[in-house]
Amino acid sequence: MQYTIPINYEPLKRDSFGFPIRPATMFTMQAESGGPIIAIPNPDTDSADGLIATLVNSARNGAAIVTAQKIGRDQGKTSMSWNFLTKDEWERMVRFWDKNFFFKFNYYDDVSGTKISRLFYVGDRTRKPFNVDLEGIPIAYVDCVANVVDTGA
Amino acid sequence: MLQVSSNWVAANLKQFRYPASLHATIKVTPPGLTEGLTVTTNDTESVATLDSLFQELPETPTLDYATLEHNRWSLDGSFKLLKNVTDKVTPYWWSTTTNKEKNKIIHFEFDKAYSIPGVFILWDTKLGTYPKAISLEGYDISGKLIQTVNVTNIASQETTVNSAFDGVKTIILNIIEWQPLRWRARINEIVFGVYERYQENTRILRASTLSTVELNGDKLPVHYFNLWLKNFDKYFDPKLELGTAKYLAKQQRIQYEWGFEVLPGVIEWAPKQNSYISEITIPPDSQEVLITGDSRLSQLTKTFIYDNYSIGATKRSLRQVAELILQNSNILKDRPTEVPWKLDDFLNFSFTNAPIPRMAANTLLNLIAQASNGILYSEPIKGYITIEPFEKNKPATHTVNIYQETTDPSMELLNELKAIYLGVNSYSLSSEITEIFKGIYDLKSAQEIQMDYQVNYATNVVSEITNGVILEAEYFSTSAVLKIQAIDINSAVQVILKGNEIKRSISYIKTFEDTIVTSGLEITVNNPFITSTDNFDVLTQTLLERFSIRQKFGIGYKGFVEITPGDKINWESVYNSETTAIVTSNQIDYNGGWSGVVKVW
């Protein structure tokens, strides 16, 4: 089998500790009010679960048949996990979320077939330190997880 | 029924409906600000009357008149010609042609100092032109300049200035250089306030409406609009000191419109509906704010006292009585020249010899509707107070069957109708002059005082005053309004009113009896405006038809916003096959979709 190299392939970058820096091509985020765009490292290939939620008012009518009305538009939720992130990669994100609970999330929408930006919020974030330096400061993180949820706005 | 398309009605009946939408706009401006407003301009030959910007209601669509500005007059028949050179364009303002050297300046002087959240100006809507820049200067009650706001690089026909002007009595608007140059400056609308606009995907959390009509006039109809807005960001200050919350006030108009995705991607909008703020709730510990609006009718609470009645005078039509009440009421108007009521001509054919009781204006209108065999309600779009005959034979507009119902209906079962008694009033003049009011006041300055008689009605009223001078006096049949000044401000003023009491007596006539019913519903109509038996047949017939239907139902259903009380619907349930009934109440709850409860009789 011939291995195909992606058209825009670049050699893996590394941080000052020599840890590889992930490509960040799938998702970006930006404060509601504008400002710098933060690229999110591509999550693990077995994560980036996407959920499309359709909200409805529903009830059963007098004939016991379900009748419903859709509320608003379909809303997305994306779960991301990274088995390893450099210190900068993870901390850049959590610092952004610390100041911006609501933010503009840019992602590929399979329904529209294009990248779109919507207002999202961030759920719980978890991580473990990979190791620490002499002062006890993590030098990288493992088992990092963050979920972002569509506000519907 | 609200006018909506057949696509809308059809889409509402589907098993699965697409989303609903809601837009709400609050006109945040101090109530009463435009009363006593004086407007002048340095542009003394303008083709417009400045006052009309605030006096008359704008026309829809906006008319435009032909003028000779370069490239403006399009010869497509859409421009009208002024009949005379002295005609004015109302209710808009057009200046003479502009130039770079001299600004157009307009002075707005209020009757007192106001605090306003901003200014909204709608310029030329016909061709979308606007000035390059403007400035607004605010002056306090002493004439001191306290605020200047410059707006440059205007890029649309709407300008919203979000800077507050607090404690201003005069605002001067400078219009600097129109675009295109040498065209006339045009103002279609100017609001001393701002339009706060809310949508379902921004600040609206949920909403509900409740509209009712009373078919036999024993209660007032209602129309409520409740709007819950999110306040996570403390946009609304609970202390009412900052931002929009500082300027929100009762009686401001909320205009809302329902949208519905009738086909995928196709949203239609129902006509905008008016409501007026009655309550504002901004809890300090809550993340949502509740703004409640009700109708002009609900807010028509001022007690009417202005009847000049005399025994033996020509009887009045109920229309004349209703107009007298409305003209002397606190009815809310969007512009001073607005006539926000519709009185059907049928009121011209019902008469009364009665004086008008001292009651709230809305209660009196309800009595008039009852006496004339009509119904009173708030028209659903502009909220005009309407009295008209109930159209018995109108067709049903909707079907609410088991496929639209979401709960089993609740039922109220009335007793069998046993008898109807209608009261007929007569009013007689007492020959004796009696004391009808006595009051003692400590007055430090001239005061206007309303004195309600201790009897229901009186005439030939005279006053006796001790230690005071009556500066002005008006004597009505239920009350007097006197402006009094004390002679010695350190002593009390005593006022005694004397007059001939007008006595009311009522006789009840049994117009219907079902002798088979041993114990049942006995309806008594005690209406002070009924002074003859002329209408007894139709009143009795209406009550018979109404109360012969003993069941009233409440049906939880999908929610159709276009149904208005007074409509007829076909409905069926697990308890009954399809039947036609009158809607007496429609409650709608909105959270992005609709659900509701409709009551029928």
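## Confidence in the model

What pLDDT does chain B average, and what share of the residues score at least 70? Chain B averages 91, and 99% of its residues reach at least 70; pLDDT is the predictor's confidence in each residue, from 0 to 100. Among the elements of chain B, helix H3(B) (residues 318-327) has the highest mean pLDDT, 97, while helix H2(B) (residues 52-55) has the lowest, 80. Helices here are DSSP runs of H or I with at least four residues, strands are runs of E with at least two, and both are numbered from the N terminus. For the model, the scores are ipTM 0.71 and pTM 0.86.

This is a predicted model, in which local features need pLDDT of at least 70 and side-chain atom pairs count only at pLDDT 80 or more, while totals for chains, interfaces and linings use all residues. Residues are numbered from 1 along each chain as its sequence is written, chains are lettered from A and ligands numbered from 1 in the order in which they are written, and side-chain values use heavy atoms, with hydrogens and water left out.

## Where chains A and B meet

Let's turn to the interface. Chain A brings 16 residues into contact with 19 residues of chain B, contact meaning heavy atoms within 4.5 Å. The buried area is about 1,400 Å², and carbon and sulfur atoms give 50% of that; this is the accessible area (1.4 Å probe) that the two parts lose on being put together, summed over both. On the chain A side, Gly62(A), Thr67(A) and Gln69(A) lose the most area to chain B, together 34% of what that side buries.

Ten residue pairs are in polar contact across this interface, both partners at pLDDT 80 or more. A polar contact is a pair of N or O atoms within 3.5 Å; within protein, one must be able to donate a hydrogen and the other to accept it, and residues adjacent in sequence count only if both atoms are side-chain atoms. Strands S6(A) (56-60) and S7(A) (66-70) each supply at least two residues of the side of chain A that touches chain B, and S7(A) gives the largest share, five residues.

## A strand pairing across the chains

S7(A) also pairs with strand S1(B) (residues 16-17), in the parallel sense and over two bridges; pairing requires DSSP to find at least two bridges between the strands. Here Gln69(A) stands opposite Arg17(B) in S1(B).
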